[in-house]
Amino acid sequence: MAFYVYIMSNRMHGTLYVGHTDDLAHRMETHKTGSVPGFTQQHDLKLLVHYEVHDSREGARRRERRLKHWLRAWKIKLIDEANPEWRDLTEDLNR
């Protein structure tokens, strides 16, 4: 089983949200439909701009906590290096 850490945004260099899950496709569906109230719904965060795969739930949680404590500039650099167009990676999940 895979576990994921992900970063969502509303636009290039916009508001960022870091989370983790064991079902990234389902989690993206809930974020995109706004079916769960919270930060991502309030800020209209619907772009999956970065994600990482981990072997364990604890590994994903540790990485999420680390990323949440990173400076914003570091998170933007992480996204820019792997996804310079800040394209929505959600469609890649269904391949």
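This is a predicted model: local features need pLDDT of at least 70, side-chain atom pairs count only at pLDDT 80 or more; totals for chains, interfaces and linings use all residues.
Modeller: Local features need pLDDT of at least 70 and side-chain atom pairs count only at pLDDT 80 or more, while totals for chains, interfaces and linings use all residues. Residues are numbered from 1 along each chain as its sequence is written, and side-chain values use heavy atoms, with hydrogens and water left out.

Biologist: How many salt bridges does a search of the whole structure find?

Modeller: A salt bridge is a side-chain nitrogen of Lys or Arg within 4 Å of a carboxyl oxygen of Asp or Glu. Searched over the whole structure, the count is ten.

Biologist: How many residues apart in sequence are the parts that Asp-88 and Lys-32 tie together?

Modeller: The closest N and O atoms of this salt bridge are 2.5 Å apart. Helices are DSSP runs of H or I, at least four residues, numbered from the N terminus. Asp-88 lies in the segment after α4 (72–82) and Lys-32 in helix α1 (residues 24–33), so the parts tied together are separated in sequence by 56 residues.

Biologist: Is Asp-44 buried, partly exposed or exposed?

Modeller: Asp-44 meets Lys-46 in a salt bridge at 3.5 Å, N to O. Buried means under 20% relative accessible area, exposed over 50%, and partly exposed in between (1.4 Å probe, protein chains only). With a relative accessible area of 44%, Asp-44 is partly exposed.

Biologist: Which residues do salt bridges that share partners join into one network with Glu-58?

Modeller: Glu-58 and Arg-62 form a salt bridge at 3.9 Å, N to O. Both lie in helix α3 (residues 57–69), four residues apart, about one turn of the helix. Through shared partners, the network joins Glu-58 with Arg-62 and Arg-65.

How values were computed
Helices (H or I, at least four residues) and strands (E, at least two) are DSSP runs, numbered from the N terminus.
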